[in-house]
Amino acid sequence: MDQAGERLPGRYGVFLAPVDASEMRQIYGGNRLRNYLRVSPDGEWVVYVEYASDENDDGYANQADIKGTEIGIMRVDGSEARLLTTNDRVDTTPTWAPDGAHILFASDRDNEDYRYDLFVMDLYGENVVNITNTPNIIEVDPSWAGTTIVAILLPIEDENTPPTLQAIWAMDCDLADLEACSTNVRQLTFPNIDKQSENYIFGDFNPRISPDGTTVAFYRHRNEDWSIANIPIGDIDIMTIPLEGGAETIVSQGTEADLMPAWSPDGTRFAFAVIAPSDDEENPLENANDLVVMNVDGGNRRLVEGSLDLMFEQMPDWVPAGALGDNDEDWLIFSGEWWDGNPEQD
Ligand SMILES: [Ca+2]
Ligand SMILES: [Ca+2]
Ligand SMILES: [Ca+2]
Ligand SMILES: [Ca+2]
């Protein structure tokens, strides 16, 4: 359902909707998953991850084909889409530099084997600079405001022992002097979790700095105490911490998995995806996943429902009022998947 109400071909899509989901517009459709959407500071563009090659040859390019990930950019109406990276390495978790004219992202192009460094490039994929150069530390999921970058840092101690607990770190980085970035590296969160799992890494994920540059929102994976269709999931909560460090605030309680909070343009609300325990034994995935909007203090939590009828909606971000020409309030942009698969394309 694009603006004319037509559904685009392919299994995956990118969609626009107001927070009451009174309508839904599809701006991308295809058998290559596009997710990790991040809207530019001026509200006109969105950078994203595209799973660009079907490595296991099952007809879809998605998380099972991680080696083929690239970073793309398009206007928030879906036009002028182009890839900024094309190589056989992982390029992932893009976000905007404070000037809106550069992209900060993670890639293993200099190290292989998912040993990510952080890189900066321009909006044509040129002038790429590796700002961390740390083969034995994984850096991923960055967010940048002013002269501070926050990211997940995972030291690799032993090739045979994958990390089991991760935290959020901060570092200095001035866009005007990229060679001097990655200094004053300090740990921001200290998750106190003693669980081990073969399925998941516990701890903190996906930090994002608030629009006013004062606060970091993230999510903490605490346990794997419940599952859906035999896939262990467990309790995941949204939290905040001052960018300068200090006391953590738990924003969303409850046993659901609340994932990837995105600050609204005015910094008063979060949009995120939730995965909740299902009591439908025959079709446990149906209704297990929704988009949610709530105030940043955890109040006024409500589902984004209305015209959404997708199998899976994830990774919402915000399109500010006016950016689409006819949206007089802030809308959501998100990645989704159709129930029927629809393998008509590619
Ligand atoms: Ca595939
Ligand atoms: Ca790549
Ligand atoms: Ca590194
Ligand atoms: Ca929870």
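The paragraphs below walk through this protein, from its overall build to some single residues.

Please keep in mind that this is a predicted model, in which local features need pLDDT of at least 70, side-chain atom pairs count only at pLDDT 80 or more, and totals for chains, interfaces and linings use all residues. Residues are numbered from 1 along each chain as its sequence is written, while chains are lettered from A and ligands numbered from 1 in the order in which they are written.

Let us start with the whole protein. It has zero helices and 26 strands; here helices (H or I, at least four residues) and strands (E, at least two) are DSSP runs, numbered from the N terminus. The radius of gyration is 19 Å, close to the 20 Å that the globule rule gives for 346 residues, so the protein is as compact as a globular protein of that length. That radius is taken over C-alpha atoms, and the globule rule is 2.2 Å times the number of residues to the power 0.38. Along the principal axes, the C-alpha atoms fill a box of roughly 50 × 45 × 45 Å.

How much of the protein is buried? Buried residues make up 43% of the 346 residues. A residue is called buried if 20 or more other C-beta atoms lie within 10 Å of its own, exposed if 12 or fewer, and partly exposed in between, with C-beta atoms placed from the backbone. Contacts tell us about the chain as well: of those with a separation of 6 or more, 46% are between residues 24 or more positions apart. Two residues are in contact if their C-beta atoms, placed from the backbone, lie within 7 Å.

Now look at how the two ends of the chain meet. Strand S1 (residues 12-18) has six of its seven residues buried, so it is largely enclosed by the rest of the structure. S1 and strand S26 run antiparallel and are joined by seven bridges, with Ala-17 standing opposite Leu-332 in S26. Strands count as paired if DSSP finds at least two bridges between them. S1 also pairs with strand S2 (residues 25-30), in the antiparallel sense over five bridges, and Val-14 has Tyr-28 in S2 as its bridge partner. S1 and S2 form a hairpin with six residues between them, and Ala-21 in the turn has a positive phi of about 50 degrees.

S26 (residues 331-337) has strand S25 as a partner too, antiparallel and joined by six bridges; one of the pairs is Gln-314 with Ser-335 in S26. S25 (residues 312-319) is mostly covered, with seven of its eight residues buried. In the loop between S25 and S26 lies Asp-328, which is exposed, with 9 other C-beta atoms within 10 Å. Asp-328 and Pro-18 are 310 residues apart in sequence, yet 9.7 Å apart in space, C-alpha to C-alpha.

Four strands form one in the order S3-S4-S5-S6, with antiparallel pairing. Its edge strands, each pairing on one side only, are S3 (34-39) and S6 (82-83). Inside this sheet, S4 (residues 45-51) and S5 (residues 69-75) pair over seven bridges, and Tyr-51 stands opposite Thr-69 in S5. Another open sheet has four strands in the order S7-S8-S9-S10, again antiparallel. There, S7 and S8 are joined by four bridges, and Asp-91 stands opposite Ser-107 in S8.

A nonpolar core is a set of buried Ala, Val, Leu, Ile, Met, Phe, Trp, Tyr and Cys residues joined through C-beta atoms within 7 Å. The largest one here has 86 residues, and those with the most contacts inside it include Ile-103, Val-150 and Val-319. Apart from this core lies another, of six residues, among them Tyr-12 and Leu-33.

Finally, some backbone angles deserve a glance. Most residues other than glycine have a negative phi. Glu-80, in contrast, has a positive phi of about 60 degrees; Glu-80 lies in the loop between S5 and S6 and is exposed, with 9 other C-beta atoms within 10 Å. Is Thr-93 buried or exposed? Thr-93, with a positive phi near 45 degrees, lies in strand S7 and counts as buried, with 24 C-beta neighbours inside 10 Å.
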